Amino acid sequence: MADLIDFPGKRRGVGSAYRLHRFGADGSDRGTVLIRARDDAEARHQADRLAEGLLAELWSGDRLLDHFAPAGHPVAACIGPLRDGP
């Protein structure tokens, strides 16, 4: 019965909640997975497994922690402004 009452100062679990947003190769939403982890490193480890070869972003609140992409997925090495003309 004591587990049903919320006592002040009693912690309801260990760690923080993280969100892993997964996307298809075409950018379609493949769902969000909630991750409970003690710290960012543990969340990254779990997210790497849960990404399942899809494009994915790991978020903690409004903070982007990591980006996951399948092997062979093109990644920009350099981003710069476009020039006018040829």
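Analyst: Happy to. Let's start with leucine 58, which is found in strand E3, residues 55-60. Please keep in mind that this is a predicted model.

User: Why is leucine 58 called buried?

Analyst: Buried means under 20% relative accessible area. Leucine 58 has a relative accessible area of 0%, so it counts as buried.

User: Which residues does leucine 58 touch, leaving out those up to four places away in sequence?

Analyst: They include Tyr18, Arg19 and Leu20, together with Ile35. Ala43, Arg44 and Ala47 are also among them, as are Leu64, Leu65 and Phe68.

User: How do you know that leucine 58 touches Ala43?

Analyst: Contact means heavy atoms within 4.5 Å, and Ala43 is on the list of residues that leucine 58 touches. The C-alpha atoms of leucine 58 and alanine 43 are separated by 8.2 Å, and the two residues are 15 residues apart along the chain. The contact is judged on heavy atoms, whereas the 8.2 Å refers to the C-alpha atoms.

User: What makes serine 60 buried or exposed?

Analyst: The cut-off for buried is under 20%. Serine 60 is at 16% relative accessibility, so it counts as buried. Serine 60 lies in strand E3, and touches Ala17, Tyr18 and Leu65, not counting residues up to four places away in sequence.

User: And how is glutamine 46 classed, buried or exposed?

Analyst: Glutamine 46 has a relative accessible area of 16%, so it is buried. Glutamine 46 is found in helix H1, residues 40-50. Leaving out residues up to four places away in sequence, glutamine 46 touches Ile35, Arg36 and Ala37.

User: Which residues of H1 are buried, and how do you know that they line one face?

Analyst: The buried residues of H1 are Ala43, Gln46 and Ala47. Seen down the axis of H1, they fall within an arc of 100°, so they line one face of the helix.

User: What do the buried residues of H1 pack against?

Analyst: They pack against strand E1 (16-23), strand E2 (29-37), E3 and strand E4 (63-68).

User: What happens at the start of H1, and what follows the helix?

Analyst: At the start of H1, a side-chain oxygen of aspartate 39 comes within 3.3 Å of the backbone nitrogen of alanine 41. A polar contact is a pair of N or O atoms within 3.5 Å, and the aspartate 39 to alanine 41 pair is within 3.3 Å. After H1 comes glutamate 52, whose phi is positive, near 55°.

User: Why are E2 and E4 called edge strands?

Analyst: The 4 strands form an open sheet in the order E2-E1-E3-E4, with antiparallel pairing. E2 and E4 each have a single partner strand, so one side of each is left without a neighbour in the sheet. From one strand to the next, the twist averages 20°. H1 packs on this sheet and touches E1, E2, E3 and E4, its direction making about 145° with that of E2.

User: How do you know that E1 pairs with E2 and with E3?

Analyst: Two strands pair if at least two bridges are found between them. E1 and E2 have 8 bridges, in the antiparallel sense, and E1 and E3 have 5, also antiparallel. For examples to find on screen, histidine 21 stands opposite threonine 32 in E2, serine 16 stands opposite alanine 37 in E2, and arginine 22 stands opposite alanine 56 in E3. The hairpin of E1 and E2 has 5 residues between the strands, and there glycine 27 takes a positive phi near 90°.

User: What is the pattern of the whole protein along the sequence?

Analyst: The pattern is β-β-α-β-β, from 1 helix and 4 strands. Buried residues make up 22% of the 86 residues. The protein exposes about 6,700 Å², with carbon and sulfur atoms supplying 55% of that area.

How values were computed
Residues are numbered from 1 along each chain as its sequence is written. This is a predicted model: local features need pLDDT of at least 70, side-chain atom pairs count only at pLDDT 80 or more; totals for chains, interfaces and linings use all residues. Side-chain values use heavy atoms; hydrogens and water are left out. Helices (H or I, at least four residues) and strands (E, at least two) are DSSP runs, numbered from the N terminus. Buried means under 20% relative accessible area, exposed over 50%, partly exposed in between (1.4 Å probe, protein chains only). Accessible areas come from the Shrake-Rupley method with a 1.4 Å probe; for residues, only the protein chains shown count as cover. The arc is that of the directions from the helix axis to the C-beta atoms. A polar contact is a pair of N or O atoms within 3.5 Å; within protein, one must be able to donate a hydrogen and the other to accept it, and residues adjacent in sequence count only if both atoms are side-chain atoms. Axes are lines fitted to C-alpha atoms, for helices over the stretch in contact, and angles run from 0 to 180 degrees between N-to-C directions.
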